[in-house]
Amino acid sequence: MQPTPSSVPQRRLARQARQRLVEGLCAGLPDLDKTVLDFLTTLMTQTGTAREMQSHRDAWMLYQQRHAVWTDRTGKAWRDALAPHSSTTRGALATNGAGPQFELLSDDVVENKILASRMALTVSEQVSQQFDTLRQRTQSLEGQELDNSDILRPEAVCLLLVEQWVEAGLPRTDLQTVVDPLQRELANLLQKQYQAVNVFYVEQGVTPQTDLKSRVRRTAGGAVTGGGTNNDSGAGGLASQALAQTRDAMAAARGGMPPQGGRTPQQHPPRMPPPGYPQHGMPTAFATGMTPLARARQRAHGVMGQLRRLLTQPATGFDMVNAPPASAALAHALTAHRVHADTYYSGVATLMEDYSPAAVVQLAGAVRERSTELKKKASTAGEKAIIEVVALMFQSILAEDRIPPAVRVWFARLQVPVLRVALAEPEFFSNLNHPARQLIDRMGACVMGFDATSINGSALEAEIRRVVQVIEQYPETGRRVFQLVYDEFEKFLSKFLTEKQATSRLVTVAQQVEQKETLAIQYTIELRTMLRDMPVRDEIREFLFKTWAEVLALSAVRDGPQHADTISLKRTAADLVWAASAKPNRSDRAQVIQNLPGLLQRLRQGLALMGINGAIQDTQIKVLTDTLADAFLSKTASIPQAHIDAMAKRLANLEDFISDATLGDMPLNADNIEMMLGIDASSIHVVADNGAPVEDAMVAWAQELQPGTWYTLDHNGASAQVQYAWQSQRKQLHLFAAVDGSSYLIQLRRLAAYLQAGLLVAQDEEGLTLRATRDALAKLDANPERLLD
């Protein structure tokens, strides 16, 4: 008699499987450790800003000290996780235990779970097939779903790893730095161990629950019959089996289980995510601590995962690693389409000139018709599925009302080139950063803020037309041509978005302001370094750090660091330090008297450059002359001449010693912007940093914004539709252009604060291709027959 699922021997077998998995994971810890150490070592050797290089070195040194503690603690935590499964009475204990417990979680606990959840999502994408088989086999032994904290689950493995990283005294920020190579190595390790445990199960004769579906035969009429015979021969039987598998794959893709054995959905309700988890698999408590950008990326990975599961189902059989070449008939049809593309779309393009809804509908119909013709040429289920998915994606893109009608015809012409790439490169369905997807998303994001009349005949429309024509001319080059034109489109945008005279001038001034402020900070740091060991009076120090560093920076930006005026002002700093040191002998005092008029003249020249004149200038000069008088009477400390000479030499070539880092938050003054422009700047809104608290993640997000994207900006109670036009070299200043001609120059941390408060919202957070993928999955969910018809 076959033992029941809840029998002790079967539970013992499941326990052995967990032990094998954990031992395998622990054996792989040295490889994980080496991956992290190698990555940090490589990172430390790379050039970067002074701050970045020091941070990388600190992370490397700390990991050298604590890595053994981390690996030991992680191995122990994984082994301890076996304890709940060490008893054969686990099911009874779980049933008789207390109900749900509620507790307040510390910030550290929540942050650990957020990071672990992100890792688990990436890891699960690689190991999902092996894990699903392992999960089903374990459930068949234990008769119940795996706990959320079951060590068999990737998320449980990741959470323990993250927790022990922090417990070992390693910063969570360092883990975020190494998370990419670490999660890749962990995914490889888990994949290997899941395979080993599945082999163990097979050797023990454990059959996964999903094998039962092969014993159920659906007829062409939709009826379900039992038995395991081979009476399904013939086109109708094979088609009905494929359709059944498609329905099952769609159910699995959206998180549910397909009905089995002819029972109603009420008898087999869909498998819902565990409590606290939304449909895309991220805990709601975790999701609330994420930035909108991070949440959007998590949702995107979920959608792509659904698509991959659909395309790799048995009915489709699409190989997501090595796709076979297109069948002869389909390849011929694709070639013929390229030859006749201009003729095919010319009539549609003419219709689109009137911008009418009917013309848009006709364009979508033409695209659908072309897909149907190509599908008839396909000889495999995989080819048909790819053609259908791409067709549905482009139907969604062409239905986007925010894309001007005149541009949609060029998006329509990309359908067949994208289909070529999708057939040859399965990565298109798994990589959000595939150049074909990136190109469509970027072009779509840039045109959504224009109406039909403003974009028609514009340089942007001409560039999109050129891009599409280049892609059509090189159909056999796959992703390479998409990458090429994507890079060219980005270069075009950098000029197009700032080509207006007023915008170009504002960009130039803003770049100079950032350069000046950054140089002032760096000059101050260098002056502090040079004067660190010199006995210089506080009055002189304060003047050099707070005022003269600004003078040097402004002169360097305006005239250049090696201009005669700038060099003279640099020499003035060294002369001032020398003049302010004690003068015990007659010759030094005579030299001070001789040089003083010229020194005071250069000091006044520098102050005037900063706009410091009149009484304010006289006050600053008096403070300096009083100090010089004390030095003349030897009331100050003496500074060796060699130190003065070294300072003068270093000042002359100061730019060779300072880094290119953005050090600190630079001030931004609206009045200075208008003064430097020399024009009426009433249409320029300068939004400077006001010290509002903002999360580091939001600052990082602000630095990742892509020029050309459209946003809704809520500023001073007024809402404006703006396009992100430019960011400065050091990403401290960001320019947005509104449709009414006004501009918003926003400082980095204030921009991050606007994003954090929801005052700056992207008009298209997802991107065209991701939304099109989701729409395609929804249509296939409602009508799975169309995938293979």
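This is a predicted model: local features need pLDDT of at least 70, side-chain atom pairs count only at pLDDT 80 or more; totals for chains, interfaces and linings use all residues.
**Stop 1: H17 and H20**

Select residues 435-447, which form helix H17, and residues 479-496, which form helix H20. Which way do the two helices run relative to each other, parallel or antiparallel? Look at the angle. The axes cross at roughly 30 degrees and come within 8 Å. Angles under 35 degrees count as roughly parallel, so H17 and H20 are roughly parallel to each other. The crossing of H17 past H20 is left-handed.

Now show the side chains at the contact. From H17, pick Pro435, Ala436, Gln438, Leu439, Arg442, Met443 and Cys446. From H20, pick Arg479, Phe482, Gln483, Val485, Tyr486, Phe489, Glu490 and Leu493. Color them by type. This contact of H17 with H20 has 10 nonpolar residues, two polar and three charged.

**Stop 2: Glu463**

Next, select Glu463. This residue sits in helix H19, residues 459-473. Is Glu463 buried or exposed? Its relative accessibility is 10%. Buried means under 20%, so Glu463 counts as buried. What does Glu463 touch? Leaving aside residues up to four places away in sequence, the answer is Glu488, Phe489 and Phe492. Phe489 was also on the H20 side of the contact at the previous stop.

**Stop 3: two cysteines**

Go back to Cys446, one of the H17 residues in the contact with H20. Cys446 has a relative accessible area of 0%, so it is buried. Then jump to Cys158. Cys158 is buried too, with a relative accessible area of 0%. How many disulfides does the whole structure hold? A search finds zero.

**Stop 4: H24 and H25**

Select helix H24, residues 586-609, and helix H25, residues 614-632. The axes come within 11 Å and cross at roughly 160 degrees. Angles over 145 degrees count as roughly antiparallel, so H24 and H25 are roughly antiparallel to each other. Their crossing is right-handed.

Show the contact side chains again. H24 supplies Arg589, Val592, Ile593, Leu596, Leu599, Leu600, Leu603, Arg604, Leu607 and Ala608. H25 supplies Gln617, Asp618, Gln620, Ile621, Leu624, Thr625, Leu628 and Phe632. How do the residues of the contact of H24 with H25 divide? There are 12 nonpolar, three polar and three charged.

Definitions and conventions. Residues are numbered from 1 along each chain as its sequence is written. Side-chain values use heavy atoms; hydrogens and water are left out. A disulfide is a pair of cysteine sulfur atoms within 2.5 Å. Buried means under 20% relative accessible area, exposed over 50%, partly exposed in between (1.4 Å probe, protein chains only). Axes are lines fitted to C-alpha atoms, for helices over the stretch in contact, and angles run from 0 to 180 degrees between N-to-C directions. Helices (H or I, at least four residues) and strands (E, at least two) are DSSP runs, numbered from the N terminus. Angles under 35 degrees count as roughly parallel, over 145 as roughly antiparallel, 65 to 115 as roughly perpendicular and the rest as oblique. A crossing is left-handed if the near helix is turned anticlockwise from the far one by less than a right angle, and right-handed if clockwise. Contact means heavy atoms within 4.5 Å. Ala, Val, Leu, Ile, Met, Phe, Trp, Tyr, Cys and Pro count as nonpolar, Asp, Glu, Lys and Arg as charged, and the others, Gly among them, as polar.
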